Amino acid sequence: MLSHSIDAVRGVRPKHIVVVVGHGRDLVRAAFEGQKNLEFVTQDPPRGTGDAVKVAMRAVPESAEIVLVTYGDMPCLRSETLQKLTAALPAGGVALLTVTREEAHGFGRILRDPDGDFVGIREEKDCSPDERAVREVNVGVYAFDRAALARAIPKIKPSNAQREYYLTDAVFEIAKHAGLIRLVEIEDEDEALGVNSLSELAMARNVLQERILDFHLDAGVVIEDPVTTMIDADVEIGAGTVIHPFTVLRSGVRIGENCEIGPFAHLRAGATMLTKAKVGNFVEIKKSTLGAGVKAMHLAYIGDTTIGENANIGAGTITANYDGKDKWPTQIGARAFIGSGTVLVAPSTVGEGAVTGAGAIVARKCVPAGEVWVGVPAKKLERENNSNSKQSAAARGAGSRRSARARG
């Protein structure tokens with residue numbers, strides 16, 4: 001969820017991003033380790049939005065002219081909206097986002113004068129009946145003139161029952177000193193979704209999922225049934241690829257052009273399909289690369305595996321990559337034919353053009369190119385040479401003639 005919020009902020013091209021963390025901060029920091037222009041500061045104990053911004057300001061460079069304040073629990077907010085907000089910022093003042101909601105319960109109301117200019121923000125518990133009827137509410141996302149914010153923050157006080165520092169008080173403080181306040185209304189109400197419960201998390205995910213599906217459809221991906229298809233953010237899909245119903249594509253999946261996936265397929269992180277590869281029903285792929293033209297059409301698990309072009313993976317194939325302690329790789333060469341029900345116990349290698357028979361168990365072995373391996377455990381299928389075959393046939397014929405004479 002925080003990744004979506006940070007991505008939206010990056011769309012404004014900030015020079016520096018400060019993330020205020022508290023509970024679970026070590027997990028959050030670890031998730032974003034190594035990202036550029038990203039700094040974490042700790043608010044402990046949590047004492048409201050005003051205090052959070054006060055903590056963050058210690059890490060904001062003095063050279064900054066604009067401070068954009070947004071939230072990690074608003075994953076649906078778009079970069080374009082934040083760009084409008086920063087563009088509307090008046091010198092020495094504040095620009096803030098508002099949204100008109102049919103259900104405004106729990107939100108601070110935006111109060112305007114008869115000319116439509118900003119008058120104030122009234123918390124619901126303090127609203128008169130007429131004010132409570134207002135449907136334009138404060139989203140809580142602001143663009144501040146940095147100098148004005150730096151002057152206002154030290155002056156806000158925890159003058160409320162919760163003993164918290166409210167960022168809205170900084171807005172009032174700036175307005176009190178003749179700072180201009182501009183309002184930017186969000187057109188799409190979904191952008192203002194904040195996540196405070198699992199129900200709201202599901203709502204936000206639905207909004208983002210619809211955007212992701214529309215993006216891929218516009219890029220030429222055929223999604224037969226968007227309602228039953230789940231695609232995470234950060235999934236790449238080439239044009240002409242067909243995705244059948246009940247397919248799940250997790251973050252980090254890479255799919256080339258003209259591939260086919262599903263129905264009931266599950267591609268996890270690290271799964272890559274090159275051009276014209278096909279994955280069918282009830283196939284799961286994790287951290288594996290399927291070369292161009294590879295087919296894995298039925299009931300297979302492929303993990304930590306590299307498969308060469310035009311190989312065929314039979315129904316029920318398993319690459320057994322986990323020994324209870326470590327994960328091990330499997331290599332399958334180009335044009336290999338893996339028979340139905342084969343289990344490749346990693347680390348194993350199947351050479352180019354090699355074949356495994358149905359039900360073969362290849363346990364930590366190297367199947368050389370062009371060979372056929374069958375059985376449990378799998379071994380090379382030995383074929384009789386031509387001369388031996390002719391001698392056997394001749395012997396069988398002679399035996400038949402002797403038996404005929406004896407009967408006669």
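These are my notebook entries on what I looked up in this predicted model.

**Entry: ground rules**

I number residues from 1 along each chain as its sequence is written. The model is predicted, so I take local features only at pLDDT of at least 70 and side-chain atom pairs only at pLDDT 80 or more, while totals for chains, interfaces and linings use all residues; side-chain values use heavy atoms, without hydrogens or water.

I name helices and strands as DSSP runs (H or I, at least four residues, for a helix; E, at least two, for a strand), numbered from the N terminus. I call a residue buried under 20% relative accessible area, exposed over 50%, and partly exposed in between (1.4 Å probe, protein chains only).

**Entry: salt bridges**

I looked up the salt bridges next. I count one when a side-chain nitrogen of Lys or Arg lies within 4 Å of a carboxyl oxygen of Asp or Glu. Side chains of opposite charge can pair when their charged atoms come close. The structure holds 18 salt bridges.

I took Arg-78 and Glu-191. Their closest N and O atoms are 3.9 Å apart. The pair links distant parts of the chain, 113 residues apart. Arg-78 sits in the loop between strand 3 (66–69) and helix 4 (79–87). Glu-191 sits in the loop between strand 8 (181–185) and helix 8 (198–218). Is Glu-191 buried or exposed? Glu-191 counts as buried, because its relative accessibility is 5%. Arg-78 is partly exposed at 33%.

I then took Asp-234 and Arg-254. Their side chains meet in a salt bridge at 3.1 Å, N to O. Asp-234 lies in the loop between strand 10 (230–231) and strand 11 (236–237), and Arg-254 lies in strand 14 (residues 254–255), so the pair ties together parts 20 residues apart in sequence. Asp-234 is partly exposed at 48%. Arg-254 is partly exposed at 25%.

I also checked Arg-364 and Asp-323. Their salt bridge spans 3.9 Å, N to O. It links distant parts of the chain, 41 residues apart. Arg-364 is in the loop between strand 31 (361–363) and strand 32 (366–367). Asp-323 is in the loop between strand 25 (318–320) and strand 26 (330–332). Arg-364 is partly exposed at 43%, and Asp-323 is partly exposed at 39%.

Which residues are linked in a network of salt bridges? I found Arg-205, Asp-232 and Arg-250 linked in this way.

**Entry: surface patches**

I build patches from residues with over 30% relative accessible area and no salt bridge; like charges are joined within 9 Å, and nonpolar side chains (Val, Leu, Ile, Met, Phe, Trp, Tyr) within 5 Å. Areas come from the Shrake-Rupley method with a 1.4 Å probe, and for residues only the protein chains shown count as cover.

Asp and Glu count as negative, Lys and Arg as positive; His and the chain ends are not counted. I place a charge at NZ of Lys, CZ of Arg, CG of Asp or CD of Glu.

Glu-102, Glu-189, Asp-190, Glu-210, Asp-214 and Asp-218 form a negative surface patch. Glu-102 is in the loop between strand 4 (94–100) and strand 5 (109–112). Glu-102 counts as exposed because its relative accessible area is 71%.

Phe-246, Phe-264, Phe-282 and Leu-299 form a nonpolar patch on the surface. Together they have about 410 Å² of accessible area. Phe-264 is in the loop between strand 15 (260–261) and strand 16 (266–267). Phe-264 is partly exposed at 39%.

**Entry: buried residues**

I looked along helix 7 (residues 167–176). Leu-167, Thr-168, Ala-170, Val-171, Glu-173 and Ile-174 are buried there. Just after helix 7, Ala-178 takes a positive phi of about 70°.

Thr-305 lies in strand 23 (residues 305–307). Thr-305 is buried, with a relative accessible area of 1%. A polar atom of its side chain lies 2.8 Å from the backbone oxygen of Gly-303.

**Entry: backbone**

I noted two cis peptide bonds. Ala-346 to Pro-347 is cis, with omega near 0°. Pro-347 lies in the loop between strand 28 (343–345) and strand 29 (348–350). Val-376 to Pro-377 is cis, with omega near -10°. Pro-377 lies in the loop between strand 33 (372–374) and strand 34 (379–380).

Note on methods. A polar contact is a pair of N or O atoms within 3.5 Å; within protein, one must be able to donate a hydrogen and the other to accept it, and residues adjacent in sequence count only if both atoms are side-chain atoms.
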